Amino acid sequence: MSRIGKLPIELPANVQIEISKENEITVKGPKGTLTTPVDRDIILTNADGQLVVERPTEQKRHKAMHGLYRSLISNMVNGVSNGFTQQLELVGVGYKAAMAGTTLELSLGFSHNIFLALPKEVTATAVTEKGKNPIVTLTSIDKQLLGQVAAKIRSLRKVEPYKGKGVRFVGEQIRRKAGKTASK
C-alpha cells in the first residue's frame with residue numbers, strides 16, 4: 001500500500017476545498033485559489049478537517065495515482081496557505097539580475113542581456129549585495145509552476161564543474177572537477 005497515499009491531508013482553518021462531480025478539486029486559501037483535475041477512479045473524502053485520498057483497487061495504475069494525487073493536493077493546500085519560495089544564486093564575474101515589472105533581466109556573461117517574462121502567478125525579487133553573489137528569489141502558490149520557472153532560469157547558464165560559474169539553487173552542492181594541470 002502507498003505509504004504517502006494513505007496519509008490524510010490536514011486542512012488548516014482558513015482553507016476551503018471543493019470537489020466537483022467531474023472530480024476536479026479547487027483549493028481556496030488566504031494566498032489564492034488553485035484547481036486541478038483528479039483521475040475519476042480516485043475517491044476523495046472530506047471529513048473532520050481532513051481530506052482522505054483512496055483508491056478503488058490494488059491495480060498498479062491505481063497505486064501510482066493514489067500517491068500522486070495525494071501529493072499534488074497536499075502541495076496545493078500548502079501553497080494557498082503558506083506559499084513556496086525558491087532562491088537562485090548567480091555565481092560569476094559580472095553576473096547581474098534586476099527586476100523591471102514582471103520581466104527579469106539577467107546578465108550572465110553573454111554578449112546581450114537575457115529578458116525573461118515571468119508568469120503572473122510567480123513573483124521575483126533580485127538582491128545584489130556588495131561582495132556577494134546576486135540572489136533571485138521566486139515565490140508562488142503553485143509549486144509545479146515555481147519549479148518550472150526556476151529550472152528555466154537555471155538552464156540559461158548551467159553551473160560548469162571546473163570553476164563553478166553559473167546559476168545554481170542556494171545551498172546546492174556542485175561536484176567540482178580538477179583541471180588539466182592537476183594531473184602533473
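Biologist: Why does Arg154 count as partly exposed?

Modeller: In this predicted model, Arg154 has 21% relative accessibility. Buried means under 20% and exposed over 50%, with partly exposed in between, so Arg154 counts as partly exposed.

Biologist: What makes the contact of Glu172 with Arg154 a salt bridge?

Modeller: The closest N and O atoms are 2.6 Å apart. The cut-off is 4 Å between a side-chain nitrogen of Lys or Arg and a carboxyl oxygen of Asp or Glu, so the pair of Glu172 and Arg154 qualifies. Glu172 is itself partly exposed, at 24% relative accessibility.

Biologist: Why is Arg55 called buried, and why is Glu58 called exposed?

Modeller: Arg55 has a relative accessible area of 11%, and buried means under 20%, so the label holds for Arg55. Glu58 has a relative accessible area of 52%, and exposed means over 50%, so Glu58 falls in that class. The side chains of Arg55 and Glu58 meet in a salt bridge, at 3.1 Å from N to O.

Biologist: How do you know that Arg61 forms a salt bridge with Asp41?

Modeller: Their closest N and O atoms are 3.1 Å apart, and the limit is 4 Å, so the pair of Arg61 and Asp41 counts. Arg61 lies in helix H1 (residues 60-81) and Asp41 in the loop between strand S4 (32-37) and strand S5 (43-47), so parts 20 residues apart in sequence are tied together. Both residues are partly exposed: Arg61 has a relative accessible area of 40% and Asp41 one of 25%.

Biologist: How many salt bridges does the structure hold?

Modeller: The structure holds nine salt bridges.

Biologist: What makes Arg157 a charge over the ring of Phe110?

Modeller: The charged end of Arg157 is 4.2 Å from the centre of the ring of Phe110. The distance limit is 6 Å, and the charge must also be within 35 degrees of the ring normal.

Biologist: What makes S5 and strand S6 (residues 50-54) a pair?

Modeller: S5 and S6 share five bridges in the antiparallel sense, and at least two are required, so S5 and S6 pair. Ile43 stands opposite Glu54 in S6.

Conventions
Residues are numbered from 1 along each chain as its sequence is written. This is a predicted model: local features need pLDDT of at least 70, side-chain atom pairs count only at pLDDT 80 or more; totals for chains, interfaces and linings use all residues. Side-chain values use heavy atoms; hydrogens and water are left out. Helices (H or I, at least four residues) and strands (E, at least two) are DSSP runs, numbered from the N terminus. Buried means under 20% relative accessible area, exposed over 50%, partly exposed in between (1.4 Å probe, protein chains only).
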